Amino acid sequence: MAGKLSVSQATGTEATADLRRLGFTDYEARIYVQLVRQSPATAYEISKTTGVPRPNAYQALEALAQRGAVLPVSENPIRYVAADPKQLFDAIARQTRNLCTDLADQLSALTPPLEDQYVWTLRGEASVHDKIDTLIREAQSVLWIKAADEVLRRHKAALQEAADRGVEALIVLFGPDADEFRFNERWRVYIHEGNGVRMGSADNLFTVAVDHAQMLTARLDQEVVAAHTRNKPIVTLAQSLVRHDYYMAEIFARFGPQIEAAFGLHLRDLRMACFSPAEIRSFQERTGLG
């Protein structure tokens, strides 16, 4: 019995705290919880069981009645019962949602359009991947992506939904299997340089351009950080990155042996001439080429 009582008291305390978060005063919260436990009750009885001074109990009951949280059910003396919790909080949730929607519309009308030159920084794995999913789900016409297969796999559901609603895609893939993400004939997927091997630091980035209007690029190894923008020159730059890798994929498909003969495997001679020391080390570690 003592155990049940302590659980009940703990639950009541937690509920009282949550009610205060919803805008109930401390007195209102305590009274509502008590009436949920035991109804009907007079203001005098409620005052005794909750410890709320009687004048304050009358004020709190009147406020609760106005918001529909308690109902008077008799006269002389007036007794109160608690409104059904599920019905009450469903109503509060609807009212709050409608209020938030109206307020968002009102404030949006006052807000100047976002400046295109802003670049937003996102940090942390959850935040970055949530944003990637959001961008994919917001796409209306086209997605251009350069990414590793293990990263795309994390967003496969959102990508499939985009394909199903008619979005086109151009994907340059680091990985062996282009068919994994070729959801229909409008999804063009190319293996990076014909082999899908990541070599320089830029090859460890995830880049997506959405509807030719916004882009995100993310570093997903070590500290997860991303940049997102609608800045038109930067969006164009991101699209150019994907576009030129698409060109390279097509060129490698047709002239691969000649290219390797001229520049070495994995374009070694070209890369070694322009890579930073760190990129050279990465290239050598990944390819085994000196």
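Which strand does Lys 146 lie in? Select Lys 146 and see: the residue sits in strand β5. Keep in mind that this is a predicted model.

**Stop 1: Lys 146**

Is Lys 146 buried or exposed? Its relative accessibility is 5%. Buried means under 20%, so Lys 146 counts as buried. The side chains of Lys 146 and Asp 245 make a polar contact at 2.6 Å.

**Stop 2: the sheet**

Stay with β5 and widen the view. Select residues 142–148 for β5 and residues 205–210 for β8. These two strands run antiparallel, and four bridges join them. Pick out Ile 145: opposite this residue, in β8, stands Val 208.

Next, show the whole sheet. How many strands form it? There are seven, and the sheet is open. Trace them in this order: β4, β10, β9, β8, β5, β6, β7. The pairing is mixed. Which strands are at the edges? They are β4 and β7, and each pairs on one side only. Strands of a sheet pair through backbone hydrogen bonds, either parallel or antiparallel.

**Stop 3: the helix across the sheet**

Select residues 125–138. This is helix α6. Which strands does α6 lie across? They are β4, β5, β8, β9 and β10. Against β9, the helix runs at about 150 degrees.

**Stop 4**

Select Glu 223, in the loop between β9 (214–219) and β10 (225–229). Glu 223 is partly exposed, at 43% relative accessible area.

- Arg 123 forms a salt bridge with Glu 223, with the closest N and O atoms 3.0 Å apart. Arg 123 lies in strand β4 (residues 119–123), so this pair ties together parts that are 100 residues apart in sequence. Arg 123 is exposed, with a relative accessible area of 53%.
- Arg 219 also forms a salt bridge with Glu 223, and here the closest N and O atoms are 3.7 Å apart. Arg 219 is partly exposed, at 31% relative accessibility.

**Stop 5**

How many salt bridges does the count come to? The total is 17. For another one, select Arg 67 and Glu 28. Their closest N and O atoms are 3.7 Å apart. Arg 67 is in the loop between α4 (54–66) and β2 (70–74), while Glu 28 is in helix α2 (residues 26–37), so the pair ties together parts 39 residues apart in sequence. Compare the two partners: Arg 67 is partly exposed at 35% relative accessible area, whereas Glu 28 is buried at 8% relative accessibility.

Then select Asp 149, Arg 153, Lys 156 and Glu 180 together. Salt bridges link these four in a network.

**Stop 4: helix α5**

Finish with residues 85–110, helix α5.

Go to the start of α5 and select Asp 84. One of its side-chain oxygens reaches to within 3.2 Å of the backbone nitrogen of Lys 86.

Now select Leu 88, Ala 91 and Ile 92, which are buried in α5. An α-helix has 3.6 residues a turn, so residues three or four places apart point the same way. Show α2 as well: the buried residues of α5 pack against α2.

Conventions: Residues are numbered from 1 along each chain as its sequence is written. This is a predicted model: local features need pLDDT of at least 70, side-chain atom pairs count only at pLDDT 80 or more; totals for chains, interfaces and linings use all residues. Side-chain values use heavy atoms; hydrogens and water are left out. A salt bridge is a side-chain nitrogen of Lys or Arg within 4 Å of a carboxyl oxygen of Asp or Glu. Buried means under 20% relative accessible area, exposed over 50%, partly exposed in between (1.4 Å probe, protein chains only). The expected span of a helix is 1.5 Å times one less than its number of residues. Contact means heavy atoms within 4.5 Å. A polar contact is a pair of N or O atoms within 3.5 Å; within protein, one must be able to donate a hydrogen and the other to accept it, and residues adjacent in sequence count only if both atoms are side-chain atoms. Two strands pair if DSSP finds at least two bridges between them. Axes are lines fitted to C-alpha atoms, for helices over the stretch in contact, and angles run from 0 to 180 degrees between N-to-C directions.
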